[in-house]
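Could you walk me through this model in the viewer, one selection at a time? I would like to know what to pick next and what is there.

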Amino acid sequence: MSRTGISNVCVRFILCNCLCLFLPFSFLSLSLFPHAMVRSSLLYYYSQRRLAGSFRGFFFIPTTLALFTSFFILFYIYSTSNIFTHHNHHPSTSHFKPHPPFSTTPFIATTPHFVPVFNHNASESTKSPPTFQLGYGLGPQSQRGLPLPPQFSSKGKFENNDVFHDRDVFLEDYKEMNRSLKIYVYPHREDDPFANVLLPVESEPGGNYTSESYFKKVLMKSHFITKDPPEADLFFLPFSMARLWHDRRVGVGGIQDFIRDYIHNISHRYPYWNNTGGADHFYVACHSIGRSAMDKAPDEKFNAIQVVCSSSYFLTGYFAHKDACLPQIWPRKGNPPNLVSSKRKRLAFFAGGVNSPVRVKLLETWKNDSEIFVHHGRLKTPYADELLGSKFCLHVKGFEVNTARIGDSLYYGCVPVIIANYYDLPFADVLNWKSFSVVVTTLDIPLLKKILKDIISSNKYLMLQSNVLKVRKHFQWHSPPQDFDAFYMVMYELWLRRSSIKNTWVDSFRV
């Protein structure tokens, strides 16, 4: 008998035992009902005593048996059925496989079987079958779900000190991604009224949200672009959240309407969105406004791949691992400095606005400490000098889980300490964050100094800092791009999430 069948039988047994448990109460109530009319009499008093004594034994035995049997059945279901298996299921996904990526929460999941939600306003003739898989069955498998090579410490514990979960698999996949991945970008003319939002910037991107602009600018000139939609693995929705936010015609209040209308237009003008319900489409956003931009376009929120900086498991609009984290990186020119760890005198450093309860707690705990420098407001010394002079640099959640401080830390060779619960870290499918960073839960802020000093005393710090120098190339933007930089790493994340179904369209639908 299957587990489901066993569970059904067990549930029926529980119901039967519940009946055994409550029948004595029923008989007791029925037996006592005729005595209600003589409650004030002496006869009622003695009859109650006799009934209580006679029913005590009648009630005790079946109740004990019912409770014992129910407990046994529940224990059996717990140990054999998948009803109580300890997995975090995404509301729109199932059948997860374990894989090695690392995040700031215990929840780890792989690319799921995904059932898209279709746009019901679209033409019925353009819809394809509603169920398909993401990321499976396309030649060389990605490292999602693959076992890690056995590496053990001197104490017999598993330990992977490489910056990759599996270097060989990543390099093999990376070559295949470069060879085969194709992306179609919805075309827009330069005279389009919203060309400033839909076309890449001509100038060099800058500012705190530059990752969004860099990605689009580099992508449009890359070999991944195809003009032939049936050849495409993914479709790029090229609107810019940051530019929509600054456009006076749209603004913060009009972004949701703009996205809804844009999806409506492309789903009626082209067949590609409707073929998969948008599940092979993606957009890129680094500004936090992207979190609520899809509220009036539920198909995009639940189906399309969101490549966003605000990648938090806690947010209702972000679905790991359908979506991907875009690293927030402040653009810098030239080669990063390569300062050795022995010249870093300060234990830890943080500077930034106090705009969250986590930062308030950090400041209150360590504001007067001589080894952990926590500063709010404007620094009196150059920011770069503080990063270069510290062993650990703190990334602390502000309004969002993401800031540019991780990129800053890596650039200046400082080991990042991540204090941001539920943060789905950038490139977690590929990079082994335990090998070059420290994750501290917000509850452990009072223990921060002990945690960091224990790392130094165990000689683990030298390994962490050495790996920082190895991974920082993955957190830099270049135009044109360079192998394994931030652009190629984001492309690899997209390649992992590509659809395993190749849609075909008749020639009349070709652009």
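Here is a short tour, from confidence to a helix pair and then to the cysteines.

**Stop 1: colour by confidence.** Keep in mind that this is a predicted model. The protein has a mean pLDDT of 75, with 68% of its residues at 70 or more. Now select residues 80-102, where pLDDT stays under 50 and the model has 57 contacts beyond four places in sequence. Where pLDDT is low, the predicted coordinates should not be read in detail.

**Stop 2: a helix pair.** Select helix α5 (residues 210-219) together with helix α15 (residues 486-496). Their axes come within 10 Å and cross at roughly 80°, which makes α5 roughly perpendicular to α15. Show side chains next: Phe-215, Val-218 and Leu-219 of α5 meet Phe-487, Val-490, Met-491 and Leu-494 of α15. By class, this contact has 7 nonpolar residues, with no polar and no charged ones.

**Stop 3: the cysteines.** How many disulfides does the count come to? It comes to 2, and with bonded cysteines counted along the chain their pattern is 1-2, 3-4.

Start with Cys-286 and Cys-309, a disulfide whose sulfur atoms are 2.1 Å apart. Look along the S-S bond: at -95°, this link is left-handed. Cys-286 sits in the loop between β6 (281-285) and α9 (298-303), and Cys-309 in the loop between β7 (305-308) and β8 (324-325), so the pair ties together parts that are 23 residues apart in sequence.

Move on to Cys-393 and Cys-414, which form a disulfide with sulfur atoms 2.1 Å apart. The torsion about this S-S bond is about 110°, so the disulfide is right-handed. Here the pair links distant parts of the chain, 21 residues apart: Cys-393 is in strand β11 (residues 390-396), while Cys-414 is in the loop between α12 (405-411) and β12 (415-419). Both Cys-393 and Cys-414 are buried.

Key
Residues numbered from 1 in each chain as written. Heavy atoms only, no water. pLDDT = per-residue confidence, 0-100. Contact = heavy atoms within 4.5 Å. Axes fitted to C-alpha atoms, helices over the stretch in contact; angles between N-to-C directions. Helix = DSSP H or I, 4+ residues; strand = E, 2+ residues; numbered from the N terminus. Parallel < 35°, antiparallel > 145°, perpendicular 65-115°, else oblique. Nonpolar A, V, L, I, M, F, W, Y, C, P; charged D, E, K, R; others polar. Disulfide = S-S within 2.5 Å. Buried < 20%, exposed > 50% of the residue type's maximum accessible area, 1.4 Å probe, protein only.
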